[in-house]
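Subject: Structure for you to look at

Dear colleague,

I am handing over the structure below, and I would be glad if you could read it side by side with the notes that follow.

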Amino acid sequence: MTVNPDNLVLLFTTTCGASGELLGSDEKETVQLVWQVLNLITKKPGPVNEVLVKPEGGCMSEECVEVTGISAEALISAAPLDEALSQFNERLCSEINTSAGNSFCLCTDGQLHLRQVLHPEASSKNVLLPECFFSFFDLRKEFNKCYPPEADRKDLDLQSMADCHTFSCPEKVNEKFETGTCSKMERIDDNTVIRARGLPWQSSDQDVARFFRGLNIAKGGAALCLNAQGRRNGEALVRFENEEHRDLALQRHKHHMGSRYIEVYKATGEDFLKIAGGTSNEVANFLSRENQVIVRMRGLPFTATAEQVLQFFSPSCPVTDGSEGILFVRFPDGRPTGDAFVLFSCEEHAENALKKHKEILGKRYIELFRSTAAEVQQVLNKYSSAPLIAVAPAPILPVVPQPTFVPSTIAAVVGTRDCLRLRGLPYDASVQDILLFLGEYTADIRPHGVHMVLNQQGRPSGDAFIQMRSAERAYLAAHRCHKRSMKERYVEVFPCSAQEMNIVLMGGSLSRSGLSPPPCKLRRKCLWAVGLLLSAVRAGRCHLSSNPKQPTTNTDKTQKGHIIEKSLESPSGITSHSKKLWSCSGCCWREGFYTLLVAELWWQTLMVKGSVDQAACFFMCNILQGREWAKV
């Protein structure tokens with residue numbers, strides 16, 4: 001927009017905190033407004049004016065007192081921000097005589113005075129800024145237009161610039177955030193996107209825009225992130241009009257939204273498109289209506305129709321364009337998900353609609369939430385796109401041989417290392433994030449070969465296993481991708497075998513000390529059976545011997561219930577058969593019952609048909625199942 005103002009108003013602000021290049025970065029309040037008017041026609045400057053502002057927080061920093069010379073006593077009688085702005089506007093209009101048609105435009109030394117100080121503070125205090133604060137000239141940029149780059153800014157003089165430079169293209173500050181759509185095919189500059197973390201779960205895109213007030217957010221550039229359950233996770237991706245505004249946004253790291261501080265980090269255009277980008281024409285048409293308020297409905301009956309939704313909201317909150325203002329969310333096969341989005345023409349209608357939260361439609365109560373265009377895209381992308389892995393994937397066991405569960409202190413699980421183990425994943429990482437992380441090696445992943453590891457509570461553990469087509473490709477992928485970043489976290493990548501992967505996926509653990517088998521599901525029954533056997537030994541119904549091959553009497557050779565009890569504290573006395581033995585997936589080992597149980601069942605027959613450890617396992621299983629083919 002081109003303007004030719006009659007006057008320039010050089011404005012300077014001071015906060016009770018940092019100054020200079022850090023002005024506004026510490027979220028401190030304004031304590032002083034200083035301005036001077038320059039008539040561009042006569043080239044004559046006016047007097048320097050000042051208005052003190054009383055901060056709500058109270059104390060001033062030592063730097064502020066030293067730079068400004070303002071005392072704390074002087075601020076006691078000062079006016080609060082809203083009254084100080086009114087005084088500024090009245091005195092300025094009176095000096096310029098705007099009633100006679102004289103125009104003016106603000107001019108500041110850099111961007112900070114307006115974008116990082118006055119606009120954020122006025123937004124947080126619900127103070128309405130005069131219209132003149134939404135356009136201004138950046139004196140530094142105008143200086144670069146007027147003088148060569150090597151010129152010294154210390155010689156900057158507004159009156160001398162006015163003699164040789166025309167002030168015609170002021171910068172604009174967006175008064176309102178504009179919603180809109182974003183296509184996945186759109187190219188977005190990585191240097192214009194940030195990630196905000198720590199948002200209240202009920203915050204909207206308008207709340208995010210209000211937090212970044214003073215900085216120009218691109219149309220539809222505030223996208224709230226959802227978790228795997230479709231609920232907001234307290235993060236948002238924000239796209240600004242240029243890199244300069246992105247850098248100013250990063251200075252608001254740990255500024256407050258209400259009582260919560262918000263973390264601000266760099267992000268990429270790819271991150272933004274993953275959240276806000278869409279390809280559906282139906283969604284684009286639905287969101288093409290501008291200045292609409294979106295409400296999300298959750299928990300709809302699967303048989304709900306557009307007419308029932310219209311009747312649910314009427315007459316106090318009519319839906320925009322009737323049934324055309326309702327978008328049902330469906331699976332790829334056309335089945336309803338129970339979610340829908342509804343458009344309302346104004347805030348009043350939307351507020352009336354939200355009052356119907358948890359009212360009944362059919363036989364179900366309906367949850368209502370204020371939504372955003374980016375949330376519509378995310379929900380539709382989640383349900384409409386084909387899943388990357390099947391909902392009920394084929395079992396791993398037919399693909400990977402069943403491992404023998406033995407403690408890592410006894411035997412190690414070995415095999416071809418044609419799998420990858422990813423450790424340190426972000427807890428919100430999805431299968432798609434992993435595929436993007438692996439890049440060119442995604443083509444080497446077997447079908448249904450991405451396996452997320454969950455903890456005992458069913459939540460992501462930060463680990464995942466990938467089945468690759470060959471050990472060579474697994475090694476190359478581990479070498480190239482090790483400690484590569486995913487969502488600001490580096491991820492460790494190691495090659496592993498399919499047997500190791502299978503043990504962990506079935507509940508075991510893999511650490512530097514080795515593999516541990518999964519917990520026994522019959523642990524309590526197993527311990528009960530151990531106690532029963534030991535009681536039988538102590539009661540004299542079973543015989544004790546130090547060598548399973550040498551019974552003490554001839555009658556012991558035919559006794560079915562011959563039991564040997566041996567402490568593992570003296571491993572030299574354990575036979576080669578006994579060293580292999582462990583019962584019920586090793587739960588006795590893990591529980592600290594370092595007791596070795598060996599059952600001699602028809603010993604002469606067992607020496608031909610099987611090993612001692614197999615016999616003992618058969619013996620324990622039949623005890624648990626209530627069979628008494630061993631006399632104890």
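In this predicted model, Val 453 of the chain has Asp 463 in strand S22 as its bridge partner, and this pair belongs to the contact between S21 and S22, which pair in the antiparallel sense over six bridges. Strands, like helices, are DSSP runs numbered from the N terminus, with at least two residues (E) for a strand and at least four (H or I) for a helix, and two strands are said to pair if DSSP finds at least two bridges between them. S21 and S22 form a hairpin with five residues between them, and Gly 458 in the turn has a positive phi of about 80°.

A word on conventions: residues are numbered from 1 along each chain as its sequence is written. As the model is predicted, local features need pLDDT of at least 70 and side-chain atom pairs count only at pLDDT 80 or more, while totals for chains, interfaces and linings use all residues, and side-chain values use heavy atoms, with hydrogens and water left out.

On its other pairing, S22 meets S20 in the antiparallel sense over five bridges, and here Arg 421 stands opposite Phe 465 in S22. Seven of the nine residues of S22 are buried, where buried means under 20% relative accessible area, exposed over 50% and partly exposed in between, with a 1.4 Å probe and protein chains only.

These strands belong to an open, antiparallel sheet of five, in the order S21-S22-S20-S24-S23. Strand S21 (445-454) and strand S23 (484-486) stand at the edges with a single partner strand each, so one side of each is left without a neighbour in the sheet. Neighbouring strands are turned by 30° against each other on average, direction ignored; such angles run from 0 to 180 degrees between N-to-C directions, with axes fitted as lines to C-alpha atoms, for helices over the stretch in contact. S23 is joined to strand S24 (residues 489-496) by three bridges, and Met 486 is placed opposite Arg 489 in S24. Helix H15 (residues 471-481) packs on the sheet and touches S20, S22, S23 and S24, its direction making about 155° with that of S24, where contact means heavy atoms within 4.5 Å.

There is also an open antiparallel sheet of four strands, in the order S15-S16-S14-S19, in which strand S15 (326-330) and strand S19 (367-371) are the edge strands.

Best wishes
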